[in-house]
2 protein chains.
Amino acid sequence: MNLLQRLSFNQMTADPWSLDQTVRNCSRIGIPFIGAWRHKLGADATKASAMIRDQGLRISSLCRGGWFSAPTIEERRKRVADNRVAIEEAALLGAPVLVIVSGPANGQTLDDARATVLDGLLEVLPDAEKAGVVLGIEPLHPMYAAERSVVVTLKQATDIVDQLSSLAAGVVVDAFHVWWDPEVFRQIERASGRIVGFHVSDWPVPLPGILMGRAMMGDGVIELRNLRRAVDAAGYNGPIEVEIFNEEIWKSADYGLLELIERRFVENV
Amino acid sequence: MNLLQRLSFNQMTADPWSLDQTVRNCSRIGIPFIGAWRHKLGADATKASAMIRDQGLRISSLCRGGWFSAPTIEERRKRVADNRVAIEEAALLGAPVLVIVSGPANGQTLDDARATVLDGLLEVLPDAEKAGVVLGIEPLHPMYAAERSVVVTLKQATDIVDQLSSLAAGVVVDAFHVWWDPEVFRQIERASGRIVGFHVSDWPVPLPGILMGRAMMGDGVIELRNLRRAVDAAGYNGPIEVEIFNEEIWKSADYGLLELIERRFVENV
């Protein structure tokens, strides 16, 4: 199978583009999937879904649910309710996966916050099962532990999936978040059959910033091909999302960005 | 034992101070140890050592050796030779520990670079044994994997120490580097008897930068007391180094900095 048939363009790679622009550009060049973000869908998920389908595209995943680690019961309830809405939206869009970013500790101890994440997931899991949407738990790089995600390694994410023990729970492997881990290849193998997403970008040297530091594939040090082969060998043959947060790319994002992505994807992933 | 008797002031916490200033200030306030850096010692380690002793201080560790992961054989030989010099310097200074920062991948695969680190350590280990200096392998936060250290978790560092199997090899636990790890408490317990250093600072939210982002103890989210207790329970009762890289602190570093450190150390560590 041609690897380009697995290419998914994550909307945040060209943040200035509207959903409409993203879909038209991807359709024109023949990129078959997009990775969608809730805040970029507009008010009407059904309408967005129809527009995407009309252009011959599919959604690889919807980003994001999670953020469960709230410090108060009331706030936790709100988060759970919001995750139920996100699951519904994913179902409406035909997105097979809702990407879960667990959230930071928010003043709790890490242990408590991590327990809260598991509780939240257990609470919304039946909704995901009913809706036919898989919760894709994405470990984030440990440099985001304090601000975005207390789930920071693939081992930890897979441990959570083991505890959830449901076909509606899996892990999302993002190369930028996991490449540094001495156990990453062992853990990818262990996650066999439970990998529900694979995201690529690159880690430039030096890293220009914590949030916006990601680079185009080939412009950094991540062993993307080795990781992709490992993910393939673990049985994942679904879409591969290009998700690059980089303000320079945003500034100059035009159709040529998609041509560059296709080239770099084939060369490096 | 009064915790302040274990306090060590790492020189880099007040980079603008000369060694002489650092030693005099620490001596005046009664801080018993300093953590020394090779580039701040001056040409004559023996003289520096005498000056430190004359002021009644001891050195907790010398920073740093390592940086083994060079891409060429010639460069690797140079690194090994430099580590031998560092071991000699540590012995001259009466520093019980030489802190080892392994170095980045430098164009190699992570696997190859990690093998190179182990090779380098094996090569200089007999020198360390002869000199009575312990190589303290310090895992760095994974955000430094590309630029500073392919050794990124306490598990990985302890695995290396297991392979070296010598009293002249141990691990250095730096709270800033390991706090995020879901396995950190388990790995500290496992490293029992092989912990040869404990460093503290804090992780502020948001983190202002990758290299200079560390904060004073109490100004961040690291569970310092829990980590200190775990390290104590694992049998480590040596010096605890305050090592903060923060340009704001550098700019305003005066004697009051040491008073603040003592207070925050007692309150948070």
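B:Trp203 is buried, at a relative accessible area of 0%, where buried means under 20%, exposed over 50% and partly exposed in between, with a 1.4 Å probe and protein chains only. Before I go on, this is a predicted model, in which local features need pLDDT of at least 70, side-chain atom pairs count only at pLDDT 80 or more, and totals for chains, interfaces and linings use all residues. Residues are numbered from 1 along each chain as its sequence is written, chains are lettered from A and ligands numbered from 1 in the order in which they are written, and side-chain values use heavy atoms, with hydrogens and water left out.

Back to the tryptophan. Aromatic pairs here are rings of Phe, Tyr and Trp, the last by its six-membered ring, with centres within 6.5 Å; planes under 30 degrees apart count as stacked, over 60 as edge-to-face and the rest as tilted. By this rule there are 9 aromatic pairs over all chains. In one of them, the ring centres of B:Trp179 and B:Trp203 are 5.5 Å apart and the planes stand at 55°, so the pair is tilted. The two residues are 24 apart and the pair links distant parts of the chain: B:Trp179 is in the loop between helix H6 (175-178) and helix H7 (184-190) of chain B, and B:Trp203 in the loop between S7 and H8 of chain B. Helices (H or I, at least four residues) and strands (E, at least two) are DSSP runs, numbered from the N terminus. B:Trp179 is buried too, with a relative accessible area of 5%. In chain A, A:Phe176, A:Trp179 and A:Trp203 form one aromatic cluster.

How many of the residues of strand S7 (residues 195-200) of chain B are buried? The count is 6 of the 6, so S7(B) is largely enclosed by the rest of the structure. Strands pair if DSSP finds at least two bridges between them. On one side, strand S6 (residues 169-174) of chain B pairs with S7(B) in the parallel sense over 4 bridges, and B:Asp174 has B:His199 as its bridge partner. S7(B) also pairs in the parallel sense with strand S8 (residues 240-242) of chain B, over 3 bridges; there B:Phe198 is partnered by B:Ile240.

Now the whole sheet. In chain B, 8 strands close into a barrel in the order S1-S2-S3-S4-S5-S6-S7-S8, with parallel pairing. The twist from one strand to the next averages 30°, with axes as lines fitted to C-alpha atoms, for helices over the stretch in contact, and angles from 0 to 180 degrees between N-to-C directions. Helix H10 (residues 255-268) of chain B packs on the sheet, touching strand S1 (7-10), S7 and S8 of chain B, and its direction makes about 135° with that of S1(B). Contact means heavy atoms within 4.5 Å.

B:Ser49, in helix H2 (residues 45-54) of chain B, is buried at 5% relative accessible area. Beyond its neighbours within four places in sequence, B:Ser49 contacts B:Leu92 and B:Leu93. B:Ile87 belongs to helix H3 (residues 73-93) of chain B and counts as buried at 2% relative accessibility. With neighbours within four places again left aside, the contacts of B:Ile87 include B:Leu98, B:Val124 and B:Leu135.
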